[in-house]
Amino acid sequence: MDLRAIFAANMRRLRNAKGLSQEALAHEAGVNRSYLARIEAGRPYVGLDIIGRLAEALEVEPAELVRLPPKRASRTR
């Protein structure tokens, strides 16, 4: 389980669902846009302060950013 990849995927999903660009979200959260791009690429380890700021800007609980995606039901024929 790669939490950075999960965090990155959740960030992209939530940002896109809100219709925000990386630049708009970065401005709202008070982080650099290039840093946000690296977060969405799963590169840096993100501190709790930044997680809190991003969650607030996205209007979600911080736990939503590290929540595992639901398991897909297997298809039977």
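In which helix is the place of Leu-3? Leu-3 lies in helix α1.

This is a predicted model, in which local features need pLDDT of at least 70 and side-chain atom pairs count only at pLDDT 80 or more, while totals for chains, interfaces and linings use all residues. Residues are numbered from 1 along each chain as its sequence is written, and side-chain values use heavy atoms, with hydrogens and water left out.

**View 1. The chain contains four helices and zero strands.** Helices (H or I, at least four residues) and strands (E, at least two) are DSSP runs, numbered from the N terminus. The order of elements from the N terminus is α-α-α-α.

**View 2. Helix α2 (residues 22-29) has the buried residues Gln-22, Leu-25, Ala-26 and Ala-29.** Seen down the axis of α2, these residues fall within an arc of 100° (taken from the directions from the helix axis to the C-beta atoms), so they line one face of the helix. An α-helix has 3.6 residues a turn, so residues three or four places apart point the same way. Glu-23, His-27 and Glu-28 are exposed on the other side of α2. Buried means under 20% relative accessible area, exposed over 50%, and partly exposed in between (1.4 Å probe, protein chains only).

**View 3. The buried residues of α2 pack against α1 (3-17), α3 (33-40) and α4 (48-58).** Contact means heavy atoms within 4.5 Å. Gly-30, with a positive phi near 75°, follows α2.

**View 4. Leu-3 is partly exposed.** The relative accessible area of Leu-3 is 47%.
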